[in-house]
Amino acid sequence: MQGPTRQFARDRAREKGSTMRARLKKPVALVGMMGAGKTAVGQALARRLGVPFVDSDSEIVKAANMSIAEIFERDGEPFFRLKERQVLRRLITGEPAILSTGGGAYLASENREIISRNGVAVWLKVDIATLWSRVRHKDTRPLLRTADPRATLERIASEREPVYALADLTAEADPSYSVADMAEEVTRVLATRTDILERTHA
C-alpha cells in the first residue's frame with residue numbers, strides 16, 4: 001500500500017482510534033537497525049495497547065552500572081552479547097509487553113528462538129537515509145565509531161536485514177511517519193494475527 005492509499009488508511013485509523021480496543025496476547029519484541037525507533041515507537045505502542053514497555057539495552061546498562069559503549073570498551077562485544085541474551089530471556093518470559101531490543105540482538109539464533117518461543121518479533125523496517133539522519137549526530141553507537149560511519153551503517157544494514165526479515169511480522173516505515181504513525185502501523189500489522197492482538201471496536 002503506497003501513497004494516497006496508505007495515507008487514507010492512516011487517516012481512517014486515526015478516526016477510529018478513540019473507539020478501538022485491543023488486547024495483546026503475548027510479548028512483542030521490536031527488532032531492527034539502530035535508529036529504527038524501537039524505543040520511541042515501543043513506548044508509544046505500549047501506551048496505545050495499555051501494556052508495559054521494557055528496553056533490553058536499558059536493562060543491561062542498569063545491571064552493569066555502565067553505558068553500552070563502556071561495556072563494549074571494557075569487556076568487548078562477546079561479553080555484551082552474553083548479557084544481552086540473559087536479559088532478553090528474562091524480559092520476554094512473562095505477561096504481554098512491548099520489548100525494545102538492541103540492534104544486534106536478533107542476529108543470534110538463540111535470541112530468535114527465545115523470542116519465537118515466548119512471543120513474537122516485529123521488524124521495524126526503515127530506509128538507510130532515515131536511519132542515518134537519526135544516528136549521525138549521536139556518539140552512543142559503538143559500532144559507528146569508524147572513519148566513515150555512514151558507510152559502516154550501510155554495511156551493517158546489508159548484513160543484518162536478511163536476518164531481520166526472518167521476523168514474524170514486518171512494519172515498514174514511511175519517511176514521513178511520526179512516532180505515532182509508526183505505532184499505528186505496528187498495531188495494524190499485529191492485528192493481522194488474532195493470536196497476537198485481538199482488536200474490537202466499541
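A: Helices (H or I, at least four residues) and strands (E, at least two) are DSSP runs, numbered from the N terminus. The α2–α9 crossing is right-handed, the near helix being turned clockwise from the far one by less than a right angle.

On the α2 side, A40, V41, A44, L45, R48 and L49 take part, and they meet V179, M182, A183, E184, V186, T187 and L190 of α9. Contact means heavy atoms within 4.5 Å. These residues divide into ten nonpolar, one polar and two charged; Ala, Val, Leu, Ile, Met, Phe, Trp, Tyr, Cys and Pro count as nonpolar, Asp, Glu, Lys and Arg as charged, and the others, Gly among them, as polar.

V186 and L190 also touch V122, which belongs to strand β5 (residues 120–125). V122 is buried, at a relative accessible area of 0% (buried is under 20%, with a 1.4 Å probe and protein chains only). Beyond four places in sequence, its other contacts include V28, L30, A167 and L169.

A word on reading this: residues are numbered from 1 along each chain as its sequence is written. The model is predicted, so local features need pLDDT of at least 70, side-chain atom pairs count only at pLDDT 80 or more, and totals for chains, interfaces and linings use all residues, while side-chain values use heavy atoms, leaving out hydrogens and water. The mean pLDDT (the predictor's confidence in each residue, from 0 to 100) is 85.

Methods:
Buried < 20%, exposed > 50% of the residue type's maximum accessible area, 1.4 Å probe, protein only.
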